[in-house]
Amino acid sequence: STTTTTTREHSHISTVPSTKCRPRPTATMSGLWARYNSMLDAQPLLTKALTSMTGFSLGDILAQCFIEEGDKGYDPMRTFRMGSFGFLLHGTTGHYFYGFLDSKLPGTAPMTVASKVAIDQTIWNPIFGCMFFGYLNLMEGKSLDDYTTKIKTDLKTAVMGSWAVWVPAHTINFAFVPPAQRLLYINTIQIGYNVFLSFLGNKSVEEEPKKEL
């Protein structure tokens, strides 16, 4: 009968999976991006701190699980130290430093971009290195002598090693990236760079032999 046929057609239609309810990947990504930007507008400092925490945590996880050799096993406290540094220091100081730099050197003219890169790499980079090693030293309960030895041993390597990555990266950053997204851009690259930084920050330092008088 007509009623039975109609019922079967409705039954058949209801069993066909609807594609309208499935979220599209592009729509999901654009939604996340819009939400991130709204968080930046509402709470820029907290959002940047959380972004840095994510970048430093992922960098350390990659370093421990895929880069470093040995049988030490995964150390979650080390990841916590790196992530907390990102949250407490990297994200917050980066927010104020790059905000200050953009306010004093606005625009994207070649000389402006070159000046920003030079200031970042010759002034901010060593300060950042001292903060990084100092924070890890404090969190690990080490002494001031340990910190001094670490600075003498590894700060130069960290600063010069960063030039190969951050000089071209910051040239793009200051020329093309909107100021509000600077730390997101930096942390995207920082995930890879943090593999190197995490290894260097957690590398044990051999004490120099004392000179005999």
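View 1. Helices (H or I, at least four residues) and strands (E, at least two) are DSSP runs, numbered from the N terminus.

Residues are numbered from 1 along each chain as its sequence is written. Because the model is predicted, local features need pLDDT of at least 70 and side-chain atom pairs count only at pLDDT 80 or more, while totals for chains, interfaces and linings use all residues; side-chain values use heavy atoms, leaving out hydrogens and water.

**View 2. Leu 46 and Leu 58 lie in helix α3.** Leu 46 has a relative accessible area of 36%, so it is partly exposed. Leu 58, at 38%, is also partly exposed. Here buried means under 20% relative accessible area, exposed means over 50%, and partly exposed is in between (1.4 Å probe, protein chains only). Now look from Leu 58 to Gln 190. These two are 132 residues apart in sequence. In space, their C-alpha atoms are 9.5 Å apart.

**View 3. Helices α4 and α5 pack together.** Helix α4 covers residues 76-104, and helix α5 covers residues 110-139. Their axes are 11 Å apart, at an angle of about 155°. Axes are lines fitted to C-alpha atoms, for helices over the stretch in contact, and angles run from 0 to 180 degrees between N-to-C directions. The two helices are therefore roughly antiparallel. The cut-offs are under 35 degrees for roughly parallel, over 145 for roughly antiparallel, 65 to 115 for roughly perpendicular, and oblique for the rest. α4 passes α5 in a right-handed crossing.

**View 4. A salt bridge joins Asp 102 to Lys 116.** A salt bridge is a side-chain nitrogen of Lys or Arg within 4 Å of a carboxyl oxygen of Asp or Glu. In this pair, the closest N and O atoms are 2.7 Å apart. Asp 102 lies in helix α4 and Lys 116 in helix α5, so the pair ties together parts that are 14 residues apart in sequence. Asp 102 is buried at 14% relative accessibility. Lys 116 is buried too, at 1%. The structure holds seven salt bridges.

**View 5. Asp 154 and Lys 150 pair within helix α6.** Their closest N and O atoms are 2.8 Å apart. The two residues are four apart in this helix (residues 144-176), so about one helical turn separates them. Asp 154 is buried, with 3% relative accessible area. Lys 150 is buried, with 8%.

**View 6. Glu 140 and Lys 142 meet in a salt bridge.** The N to O distance is 3.0 Å. Glu 140 is partly exposed at 29% relative accessibility. Lys 142 is partly exposed at 44%.

Key:
Left-handed = near helix turned anticlockwise from the far one by under 90°.
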